[in-house]
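Biologist: I want to learn how to read a model like this one. Please take me through it feature by feature.

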Amino acid sequence: MPPTPGFLKALLLPPANLLVLAGVGRLLYRRRPVLGRRVIGFAIALLYALSTPVIGNLLLKSLESSPAISLNKDLKDVGAIVILSAGLQIEAPEYGGDTVGSLTLERLRHGARIHRATGIPVLVTGGKIPESNIPLAQAMEEAMREDFNVPVRWVEVKSKNTYENAVATTAILGHQGIKRIALVTHAWHMPRSLSVFKSLGLEVVAAPTVFTRRRSFRPSDLIPTANSLQRSAFATHEWIGRLWYWIDRQTFTAGTEE
């Protein structure tokens, strides 16, 4: 059986990529002990650094380029609030099955707030992941309706990533004559999302949520935590995504010029 995209993605992110690097160092140690020790030491040092609050916060903050929106000023002529998915909680017994995960819930909360303040209709987007029984967007629609008492006008259930979110959303809203949207996602995910949606011809008002808080350095910021490693993993995922989309655009451009 070939490796799944989820498995390959996990290998590219910390801590798995650093454990693989350490394993490479161990193999090198047999023939080149000095180089092997250096590779293992580098992997351990990087794992430590990425697990500290000071690095995890810094990496996420480096991605957050869009400010919070003003509900009174920024949403003129916006025809739809587009909320991007971010994962499910699988087989949640208290909800009787799959439901939205914590990241998706944070985005839904912000989208619901914008809808209540403006009345702008909502679109949710996200397809089915292999281990789930329902598409992400279906779980999002249920949460918006049942937990936030907000109706969802459009439910896009086919897309598998941010680019496909944008393509499908553009097609749905194009039939409605809507060209200007408010895009809801995490502040660290917004730059890549914004670039993709704009590249397809939409006018996009960035509506980011969950910003990394600025605060002064404390000695405890050098103590590794699981949460900080997760934040570093989010940031690494975004930088890899940016690089992948850049390579894809360069390949497409080169192909059209031949």
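Biologist: Which residues have the most contacts inside the largest nonpolar core?

Modeller: A word on the source: this is a predicted model, where local features need pLDDT of at least 70, side-chain atom pairs count only at pLDDT 80 or more, and totals for chains, interfaces and linings use all residues. Residues are numbered from 1 along each chain as its sequence is written, and side-chain values use heavy atoms, leaving out hydrogens and water. A nonpolar core is a set of buried Ala, Val, Leu, Ile, Met, Phe, Trp, Tyr and Cys residues joined through side-chain atoms within 4.5 Å. Buried means under 20% relative accessible area, exposed over 50%, partly exposed in between (1.4 Å probe, protein chains only). Here the largest core has 27 residues, and Leu75, Ile83, Leu108, Val122, Val124 and Met144 have the most contacts inside it.

Biologist: Which elements give two or more residues to this core?

Modeller: Helices (H or I, at least four residues) and strands (E, at least two) are DSSP runs, numbered from the N terminus. For this core they are β1 (80-84), α5 (102-118), β4 (122-125), α6 (136-147), β6 (180-186) and β7 (203-209). The most comes from α6, with 6 residues. Apart from this core lies another, of 18 residues, including Met190 and Leu202.

Biologist: What covers the buried residues of α6?

Modeller: Look for contacts (heavy atoms within 4.5 Å). The cover includes β1, β2 (88-92), β3 (97-100), α5, β4 and β5 (154-156). Among the buried residues of α6 are Leu136, Met140, Glu141 and Met144.

Biologist: What span should α6 have?

Modeller: Expected span is 1.5 Å times one less than the number of residues. For the 12 residues of α6 that gives 16 Å, and the end C-alpha atoms are 16 Å apart, so the two agree. Just after α6, Asn149 takes a positive phi of about 55 degrees.

Biologist: Is Asp221 buried or exposed?

Modeller: Asp221 is buried, because its relative accessible area is 6%. Asp221 lies in the loop between β7 and α9 (226-257). Not counting residues up to four places away in sequence, Asp221 touches Thr52, Pro53, Val54, Arg215 and Ser216.

Biologist: Now the surface. Which residues make the nonpolar patch?

Modeller: Phe7, Leu8, Leu11, Val20 and Val24 make a patch of about 400 Å². Both α1 (5-12) and α2 (16-31) give two or more residues to the patch. The most comes from α1, with 3 residues. Val20 is found in α2. Val20 counts as partly exposed because its relative accessibility is 43%. Patch residues have over 30% relative accessible area and no salt bridge; like charges are joined within 9 Å, nonpolar side chains (Val, Leu, Ile, Met, Phe, Trp, Tyr) within 5 Å. A salt bridge is a side-chain nitrogen of Lys or Arg within 4 Å of a carboxyl oxygen of Asp or Glu.

Terms used
Accessible areas come from the Shrake-Rupley method with a 1.4 Å probe; for residues, only the protein chains shown count as cover.
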